[in-house]
Amino acid sequence: MAIEAELKAVVRDPEGVLKQLEARCGAGRAEVYRDTYYDAPDGSLMGADRELRIRTVHGPDGTRSVLTYKGARVDEASGSKPEAETRVEDVAAAHEIVRGLGFVPRIAFEKRCRNYGFERDGRRVLVTLVRVPELDDATFIEVETMAATEHELGSALAFVRAVLAELGIGESDLTTDLYTDAVAAARPV
C-alpha cells in the first residue's frame, strides 16, 4: 500500500498563501468535503490509529464519493499513513456495506477546501487550503505526495517541507492534530 506523505499546518496568513498559490497554479478547485469516519463498536479501529472514511466531495464538476482506509502512522513526526482509496459509484450502498460489516459512524463533519494540483520533479503534489466551520473557520494547509515505500517516505516528506517553506509555512506551524479529534473536542458533550 502506498504511503500518503502529508504535512498539515496552521496558516497564519491565509490571504497571502492563497495569492501565492493562485499565482503559481491558477484559481484552484473549490470543493466541500463531507466526511464520515467509521469505527468498530469498541473503538478498536481508531484506537489502533487506523481510519475508515467515506467522503463525498461536492465541487464545480459535480459530486463524487470515495472510500478510504488509512493504516496506522508509519512516521510519528508527520503522521503519514499507508492509504488505500477507491471511488464509489453508490455512496448510500457504500455506507450500507460498511455498516453491514459491523462498523459504526463515529464522527461526521464538513471541510471547505480549495485544491491546487501540480507536478514537480517527477512528483504529483496536492496542496489544499482547508477550513472546518466547527473549528472557528481556522485555516489549515495540507501538502501531500505519495511515497511508494517507507524507504521513500523521508525524501517525499523533505519535498513536502520544501513546498511549504516556499509558501512561508515554517516548522513551528506544523501540526499532527487530527480534524476528527479537534471537531469532537469542539462539540458539546
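Here is a short tour of the cores and ring contacts in this predicted model.

## Ground rules

Residues are numbered from 1 along each chain as its sequence is written, and side-chain values use heavy atoms, leaving out hydrogens and water. Since this is a predicted model, local features need pLDDT of at least 70 and side-chain atom pairs count only at pLDDT 80 or more, while totals for chains, interfaces and linings use all residues.

## The cores

Let's start inside. The largest nonpolar core has 23 residues, and Val-127, Ile-141, Val-143 and Ile-169 touch the most other members. (A nonpolar core is a set of buried Ala, Val, Leu, Ile, Met, Phe, Trp, Tyr and Cys residues joined through side-chain atoms within 4.5 Å; buried means under 20% relative accessible area, exposed over 50%, partly exposed in between, with a 1.4 Å probe and protein chains only.) Helix H4 gives the largest share of this core, seven residues. (Helices, H or I of at least four residues, and strands, E of at least two, are DSSP runs numbered from the N terminus.)

A second, separate core of twelve residues includes Phe-109 and Val-130.

## Ring pairs

There are two aromatic pairs. (Rings of Phe, Tyr and Trp, its six-membered ring, pair if their centres lie within 6.5 Å; planes under 30 degrees apart are stacked, over 60 edge-to-face, the rest tilted.) Tyr-37 and Phe-109 are stacked, 5.9 Å centre to centre with 10 degrees between the planes. Tyr-37 sits in strand S2 and Phe-109 in strand S6, so the pair ties together parts 72 residues apart in sequence.

Phe-140 and Tyr-179 are edge-to-face, at 5.5 Å and 85 degrees. Both Phe-140 and Tyr-179 are buried.
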